[in-house]
Amino acid sequence: MRAQPLVLAKAPRPGLVKTRLAATVGDDAAAELAALCLLDTIAACRAASERCHLALAGDLAGVVLEDELRRSLIGWRIFAQQGDGLAERIAHAHATIAGPVVQVGMDTPQVTADDLAAADAALEDSPAVLGHADDGGWWLLGLQDPSRAGVLTDVPMSQADTGTRTARALLGTGLHIEVVRRLRDVDTAEDAEIVARLAPGTRFGRRWHELPVRSPVR
């Protein structure tokens, strides 16, 4: 894989991650599930490339599954997120990497090495790759020139039209966009149930099905 995987994540600390999911399963379980989402994402990135990066909000000291997370990140470049708001943090993280980058978050534990490889392949012919999410946002952004992520600072994040606005912003700078498959973010218990059914063999999926409190799919 030519492009370097970049993961943006929050340290999985109870009360600070997966707050909507926590409304159903509680803070501790939500933080554990967040850690497992991150571990699944790390595994997919490691399987795709030897050069991986983690932009982290917070630190790993004392977080849920700290030891396992630290072991999984051996050999990774880890650095702190910087910027006011998610858009600035994404732009800053991209700007620290030279060469093509494929960036994901920690909300799609179903992501696979093949997904990352598909984005990498698309970047060979296109300057930008975007993976839309079911909630209207996006789960993957690939750029041949990571500095072009600076355009995102004018895009409102975490809204129902963030994916569309992101595509429009990239197109507005003259970048052609290739689109990869759509995935569902894990934000709520309903999301978790659907994703766990789609990817039952992931760490996240196995743990979700062990929980006594889950959400029916409407």
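# Reading a predicted chain: a dialogue

Mentor: Start with helix 7, residues 189-198, which is mostly covered, with eight of its 10 residues buried. Keep in mind that this is a predicted model.

Trainee: Which residues of helix 7 are buried?

Mentor: They are Ala189, Glu190, Asp191, Ala192, Glu193, Ile194, Val195 and Ala196. To count as buried, a residue must have under 20% relative accessible area.

Trainee: What do the buried residues of helix 7 pack against?

Mentor: They pack against helix 1 (19-25) and helix 8 (203-210).

Trainee: How should I read the two sides of a helix?

Mentor: An α-helix has 3.6 residues a turn, so residues three or four places apart point the same way. Now take helix 6, residues 162-172, where Thr162, Gly163, Thr166, Ala167, Ala169 and Leu170 are buried. Viewed down the axis of helix 6, these buried residues fall within an arc of 160°, so they line one face of the helix.

Trainee: Which exposed residues are on the face of helix 6 turned away from its buried side?

Mentor: That face carries Arg168 and Gly172, both exposed.

Trainee: What covers the buried residues of helix 6?

Mentor: The cover includes strand 5 (128-133), strand 6 (138-143) and strand 7 (177-183).

Trainee: Strand 6 comes up there. Which residue could I use to look at it?

Mentor: Trp138 lies in strand 6. With a relative accessibility of 11%, Trp138 counts as buried. Leaving out residues up to four places away in sequence, Trp138 touches several residues, among them Thr162, Gly163 and Thr166, which are buried residues of helix 6. Other residues that Trp138 touches include Leu130, Gly131, His132 and Ala133.

Trainee: Where does Leu65 lie, and what is its phi?

Mentor: Leu65 lies in the loop between strand 2 (53-57) and helix 3 (66-72). Its phi is near 60°, a positive value in a residue other than glycine. Leu65 is partly exposed, with a relative accessible area of 30%. For a glycine, look just after helix 6, where Gly174 takes a positive phi of about 90°.

Trainee: How do I use contacts to link one element to another?

Mentor: Pick a residue, set aside its neighbours in sequence, and list what remains. Val102 is found in strand 4 (residues 101-104) and counts as buried at 0% relative accessibility. Beyond its neighbours within four places in sequence, Val102 is in contact with residues including Met1, Ala3, Leu116, Asp120 and Leu141.

Trainee: Where is Asp120, and is it buried or exposed?

Mentor: Asp120 is in helix 5, residues 113-123. It is buried, with a relative accessible area of 8%. Neighbours within four places in sequence aside, Asp120 is in contact with Met1, Arg2, Ala3 and Val102.

Trainee: How does separation in sequence compare with distance in space?

Mentor: Read the two values for each pair. Asp120 and Val101 are 19 residues apart in sequence and 8.3 Å apart in space, C-alpha to C-alpha. Val102 and Leu86 are 16 residues apart along the chain, and their C-alpha atoms are separated by 17 Å.

Trainee: What share of contacts in the whole chain join residues at least 24 apart?

Mentor: Among contacts between residues at least 6 apart in sequence, 70% join residues at least 24 apart.

Trainee: How many helices and strands are in the protein chain?

Mentor: There are eight helices and seven strands. The radius of gyration is 16 Å, close to the 17 Å that the globule rule gives for 218 residues, so the chain is as compact as a globular protein of that length. Of the 218 residues, 53% count as buried. The accessible surface comes to about 9,500 Å², with 49% of it belonging to carbon and sulfur atoms.

Note on methods:
Residues numbered from 1 in each chain as written. Predicted model: local features only at pLDDT ≥ 70, side-chain atom pairs only at ≥ 80, totals over all residues. Heavy atoms only, no water. Buried < 20%, exposed > 50% of the residue type's maximum accessible area, 1.4 Å probe, protein only. Helix = DSSP H or I, 4+ residues; strand = E, 2+ residues; numbered from the N terminus. Arc of directions from axis to C-beta. Contact = heavy atoms within 4.5 Å. Rg over C-alpha atoms; globule rule 2.2 N^0.38 Å. Areas by Shrake-Rupley, 256 points an atom, 1.4 Å probe, with all protein chains shown as cover.
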